[in-house]
Amino acid sequence: MQAVILVGGEGTRLRPLTYTRPKSMLPVLNRPFLEHMLAHLRQAGVDEVFLALHYLPDAIRSHFGDGQGWGLRLHYSVEPFPLGTAGPLRLVAERLHSTFIVCNGDIFTDLDIGEAVAFHRRHRAVATIVLTPVEDPSPFGMVETTPEGRVLRFKEKPSREEVTTLWVNAGTYILEPEVLQWVPPNQKYMVEQGLFPDLVRRGEAVYAFRSRSYWLDMGTPRNYLRLHRDLLLGLVSSPLRDEGVVECRPGVWAAADVHVHESATLKGPLLLGPGCVISPHARVIGPTVLGRECRLEEGSQVAEALLWEEVVLHPHARAEGCILGKGVCLQAGATVGKGCVLADGVVVGEGNRLDRGIALAPGTHLPPRSVSLLDGY
Ligand code: GDD
Ligand code: MG
């Protein structure tokens, strides 16, 4: 079966992390997010995938090549300008031969794709949209249906007053190639506001498959952290979860060459990437992931955080509830708190205190003691 994954977006809500990597290449359990998606599709019987790219395409292309290492045939379609969510499908239309799957490139789900395809076939649909229930539909695309599951109406990003159902577009579709005739070529066109409402207007069989599987759009810092928490706590699994790591003590998964000093504290769930060094009296409190070759020096502490590769915490530095990009360095006694996002190469000088969602662009150097937080504001 064929699939198209939409991975061309700029990931604006995940800036500054996405200044240097496309959203779909951000690490999840120390593997690019897209690897998890591809493994899930492959398990469902997909053997050929078109990656629809625009933003930072080489980061994706050079990593996956022809897809052989992932047991898939991969093709790349690079848009000269962003074609939206339907335009990219039209671009590869001639190569799509029968029922195919479309995925937003930022959704983590353990959806049973085979079941959704069977539903699509049973209803002789031309398009099936997978729906998921959410508490607040306003950041998503709300979809109204008949009790039998026939789609009636879409409302993208409804205001709270406009909410009529908690079921939203889950960003996975099963489509027949014939629907692509209704997508205008070479222009930006959306499935959400264009193709799907148009098909409904034409009276075509557009169905909704309601799924209660795990579902998360990882496209915001909060959700990106949440995904790690859920994976580490075992609320959802990934086919890649145990590759290259062993559970060396309950709740602590580590690569083979991790060095943990006997006086250090590890409290799971944790994932420690290859080459990590945890020095005397350092503390790592889960759910936390350390990327490859992170170094926690004496008395430093990491709690409920996500560290990419080569992050260094100097003595008594602290990182809590935050995301630290590749090569970030917290100098002695610096603290980075809840909701902060530090992009690749940021250096936080001694004694700084960052908190409450401060984000720093790639390569920022904060001189020692330049940021503090006032009490009571
Ligand atoms: N190739 C390509 N070209 N991909 C694009 C483009 C583009 O111009 N624009 C966006 N994408 C990709 C993004 O990379 C992402 O994987 C996917 O399309 C969806 O874009 P988002 O920017 O993440 O959209 P959203 O999360 O606000 O809303 C969409 O997803 C929701 C589910 O998470 C909509 O489909 C909603 O209806 C849906 O509920
Ligand atoms: Mg999204």
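Glu309 is buried, and Arg21 is buried as well. In this predicted model, the two side chains form a salt bridge. Their closest N and O atoms lie 2.9 Å apart. The partners come from distant parts of the chain, 288 residues apart. Glu309 sits in the loop between β24 (306–307) and β25 (312–313). Arg21 belongs to the loop between β1 (2–6) and β2 (27–28).

Turn next to Arg160 and Asp136. Their salt bridge has its closest N and O atoms 3.3 Å apart. How accessible is Arg160? Its relative accessible area is 61%, so Arg160 counts as exposed, because the cut-off for that class is over 50%. Asp136 has a relative accessible area of 24%, so Asp136 is partly exposed.

Now look at a helix. Arg226 forms a salt bridge with Asp230, and the closest N and O atoms are 3.6 Å apart. Where do these two residues sit relative to each other? Both are in helix α6 (residues 221–233). They are four residues apart, so about one helical turn separates them. Arg226 has 42% relative accessibility and therefore counts as partly exposed. Asp230 is at 2%, so Asp230 is buried, because buried means under 20%.

Some salt bridges share partners. Arg31, Glu35 and Glu243 are joined in this way into one network. How many salt bridges does the model hold by this rule? The count comes to 22. The rule asks for a side-chain nitrogen of Lys or Arg within 4 Å of a carboxyl oxygen of Asp or Glu.

Which residues are the protein donors of the magnesium ion (ligand 2)? They are Asp106 and Asp217, each through OD. These donors lie 2.1 to 2.3 Å from the ion. The two residues are 111 residues apart and link distant parts of the chain. Asp106 is in the loop between β6 (100–104) and β7 (107–109). Asp217 is in strand β13 (residues 215–217). Asp106 and Asp217 are both buried.

Methods: Residues are numbered from 1 along each chain as its sequence is written. Chains are lettered from A and ligands numbered from 1 in the order in which they are written. This is a predicted model: local features need pLDDT of at least 70, side-chain atom pairs count only at pLDDT 80 or more; totals for chains, interfaces and linings use all residues. Side-chain values use heavy atoms; hydrogens and water are left out. Buried means under 20% relative accessible area, exposed over 50%, partly exposed in between (1.4 Å probe, protein chains only). Donors are N, O and S atoms within 2.8 Å of the metal (3.2 Å for Na, K and Ca); water is not among the atoms, so sites may look incomplete.
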